[in-house]
Amino acid sequence: MIRDDLTEKILDIKREKGWTWKHITDEIGGMSPVLVIGALLGQHKLVKPLAKKAAALFGLSAAEEAMLNEVPMRGTGTSMPPTDPLIYRFYELVLVNGPAWKAIIEEEFGDGIMSAIDFNMEFEREPNPKGDRVKITMSGKFLPFKYYGNEQGIPDYGFKEA
């Protein structure tokens, strides 16, 4: 079995049982729903205790449980640019707003990046009379660029200079 086959099996069981992602993530627990769902879709790994819970919930074999605990090949399965309209909108957000986000982060923090590994993300529904809104909160650790081979008096990292 390859990882894509396990993802399809999980999705088939989800459909057959009529489960929601909320039900599934409440049953598995242990970490952000985004990470649990991402793992079930093949983009993250589940730590062993959560892989065990997922395997029990979905009736998976020991080999399938072990596969949920393997580090996946992330980013596979989505063409670039994305063709799914919802995923494309995130891509469009980065294309259009990315340069401004970069400028703001660098001005506030210095020369570096926002981690996508040491990262939190939350989704909320915001009621609105003109149509409900999707509120996404992202929080990533700032990782300063490391200046190597630097001479005395030259900073080691790209934190914002006073």
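**Close-up views of a predicted model**

**View 1. Alanine 56 sits in helix α4.** Helices (H or I, at least four residues) and strands (E, at least two) are DSSP runs, numbered from the N terminus. The model is predicted: local features need pLDDT of at least 70, side-chain atom pairs count only at pLDDT 80 or more, and totals for chains, interfaces and linings use all residues. Residues are numbered from 1 along each chain as its sequence is written, and side-chain values use heavy atoms, with hydrogens and water left out. Alanine 56 has a relative accessible area of 64%, so alanine 56 is exposed. Here exposed means over 50% relative accessible area, buried under 20%, and partly exposed in between (1.4 Å probe, protein chains only). Isoleucine 28 lies 28 residues from alanine 56 along the chain; their C-alpha atoms are 9.5 Å apart.

**View 2. Helix α2 (residues 21-28) packs with helix α4 (residues 48-58).** The angle is about 130°, and the axes are 9 Å apart. Axes are lines fitted to C-alpha atoms, for helices over the stretch in contact; angles run from 0 to 180 degrees between N-to-C directions. The two helices, α2 and α4, are therefore oblique to each other. Angles under 35 degrees count as roughly parallel, over 145 as roughly antiparallel, 65 to 115 as roughly perpendicular, and the rest as oblique. On the α2 side, Ile24, Glu27 and Ile28 make the contact (heavy atoms within 4.5 Å). On the α4 side, Leu50, Lys53, Ala54, Leu57 and Phe58 take part.

**View 3. Tryptophan 19 and phenylalanine 58 form an edge-to-face pair.** Rings of Phe, Tyr and Trp (its six-membered ring) pair if their centres lie within 6.5 Å; planes under 30 degrees apart count as stacked, over 60 as edge-to-face and the rest as tilted. By this rule there are six aromatic pairs. In this one, the centres of tryptophan 19 and phenylalanine 58 are 5.5 Å apart, with the planes at 75°. Tryptophan 19 lies in the loop between α1 (3-17) and α2, 39 residues from phenylalanine 58 in helix α4. Tryptophan 19 counts as buried, at 17% relative accessibility. Phenylalanine 58 is also buried, at 4%.

**View 4. Phenylalanine 142 and phenylalanine 159 form a tilted aromatic pair.** Their centres are 6.3 Å apart, with 50° between the planes. Phenylalanine 142 is in strand β2 (residues 133-144), and phenylalanine 159 is in the segment after β2, 17 residues apart. Phenylalanine 142 is buried, at 13% relative accessibility. Ring pairs join Phe109, Phe142, Tyr157 and Phe159 into a cluster.
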